[in-house]
Amino acid sequence: MDVSAGDLNAPHSMGTTIIGVTYDGGVVLGADSRTSTGMYVANRASDKITKLTDNVYMCRSGSAADSQIVSDYVRYFLHQHTIQLGQPSTVKVAANLVRLLSYNNKNMLQTGLIIGGWDKYEGGKIYGIPLGGTILEQPFAIGGSGSSYLYGFFDQAWKEGMTQEEAEQLVVKAVSLAIARDGASGGVVRTVTINSEGVTRKFYPGDKLSLWHEELEPQNSLLDILSTGSPEPMVS
Amino acid sequence: MSSIGTGYDLSVTTFSPDGRVFQIEYAAKAVDNSGTVVGIKCKDGIVLGVEKLITSKMMLPGSNRRIHAVHRHSGMAVAGLAADGRQIVARAKSEATNYESVYGEPIPVKELAERVASYVHLCTLYWWLRPFGSGVILGGYDRDGPQLYMVEPSGVSYRYFGAAIGKGRQAAKTEIEKLKLSEMTCRQGVIEVAKIIYGVHDEAKDKAFELEMSWVCDESNRQHQKVPDDILEEAKAAAKAALEEMDAD
């Protein structure tokens, strides 16, 4: 997720796919695990879904440093807020604190964030906070460079009132599709499900995901799959 | 029950040998001598009422309001020194708007009460400040339902289902205790508050008074507002009738 070091021609993209989806009773957050510095994969198993409070998590994209510092500040403010209030903070409050930091420091920060969580007043909620610090409450949100390939997919596949199973499967499928097409996304798929009962983390290794169009099965050697129709070299 | 605090009552930063801070107690007396202020929590909201003693016949009715809106969802009724009360209200308004701009949600009434109490208490800690000579009853309606708090000049704040301060507070409290508040709606509550205030008003000692009332309830869409004129008139009429009934005994 770091901006390329030394490679002046490398695109300034947010190498990530992050997703947040509401379902009937909670939310599911999902992300890939690739952190790239230009063409080098700095971390192939990173955890981009960060805890803010027991009931609110945040998906990070863009500059790793920027998104980490924002999450650290918000975690600190929310902790104090929880103590003052005497009860867990709501998702809305968490999202508002994030957007105040994003907006007021927009000149220095480069990070797109998705906040998702569950509270007893509003249930499961997703808030998208893209680059400039806009805050938008959405039934689902996508972000990162890989999300470009998912707009059409969600238009077709998203529906209101899914079950937890359906939502989780949708998220895993979507991240997997984005990984297939986006060079800056890859690795494993991590999901975090938040509802009234608590938080569940799930992990889907990269080689266990379904294969999509034109994707090859893992091979020992590509020579094994070269077509037999090609002429043998050097036959006397 | 006034004790002479000779020597220990000159500064708010001095304790007496029996552990009292007399300046704060004297501040409370300012509240005790003011017009009665009543607040009740009904099942669907809060009703606040004030016995606004009219000092001059030339005062315009509706002026010198004693009940102020703090935020969309909460209001404060003030007793004691009016100017001091205005400061407390100003601080409460400022806390409420500041909270909302940072946290993105209306300030929970409990949090507001704590902040106001904290501020009032602050002014009892320094010798170069005097305590506020006013107490407030704060009523609000947030996500956790309607809530009523009272803040005294000492900075103490408690949550109540019925509260009264000012001259007629003892009689008012007795009346409030008789009410079944958990079953009452604000519509009925308005009438009861009016009856209480008319009831505790001392015709002999004080001349005229104006009844000021406000509410935050489901009917007012959880917004704090003056009780609508028609309902107010209805309440006043009922209160006057109840008085006459009592006199007739």
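The structure is a predicted model.

Chain B and chain A bury about 1100 Å² between them. Carbon and sulfur atoms carry 47% of that area. The contact draws on 14 residues from chain B and eleven residues from chain A. Three residues stand out on the chain B side: Tyr103(B), Glu111(B) and Arg143(B). They supply 47% of the area that chain B buries against chain A, more than any other three residues.

Two helices of chain B, α2 (82-103) and α3 (109-122), each supply at least two residues of the side that touches chain A. The largest share, five residues, comes from α2(B). By residue class, the side of chain B that touches chain A holds eight charged, four nonpolar and two polar residues. Between chain B and chain A, the count of salt bridges is zero. Four residue pairs are in polar contact across the interface, with both residues of each pair at pLDDT 80 or more.

The cysteines were examined next. Over all chains, the count of disulfides is zero. A disulfide is a covalent bond between the sulfur atoms of two cysteines. For Cys186(B), the closest cysteine sulfur lies in Cys42(B), 4.2 Å away, so the pair is too far apart for a bond. Cys186(B) is buried, at 1% relative accessibility. For Cys217(B), the closest cysteine sulfur is that of Cys186(B). The distance is 4.3 Å, again too far for a bond, because a disulfide requires sulfur atoms within 2.5 Å. Cys217(B) is also buried, with a relative accessible area of 0%.

Note on methods. Residues numbered from 1 in each chain as written. Chains lettered and ligands numbered in written order. Predicted model: local features only at pLDDT ≥ 70, side-chain atom pairs only at ≥ 80, totals over all residues. Heavy atoms only, no water. Contact = heavy atoms within 4.5 Å. Buried area = accessible area lost by both parts, 1.4 Å probe. Salt bridge = Lys/Arg side-chain N within 4 Å of Asp/Glu carboxyl O. Polar contact = N/O pair within 3.5 Å; in protein donor to acceptor, adjacent residues only side chain to side chain. Helix = DSSP H or I, 4+ residues; strand = E, 2+ residues; numbered from the N terminus. Nonpolar A, V, L, I, M, F, W, Y, C, P; charged D, E, K, R; others polar. Buried < 20%, exposed > 50% of the residue type's maximum accessible area, 1.4 Å probe, protein only.
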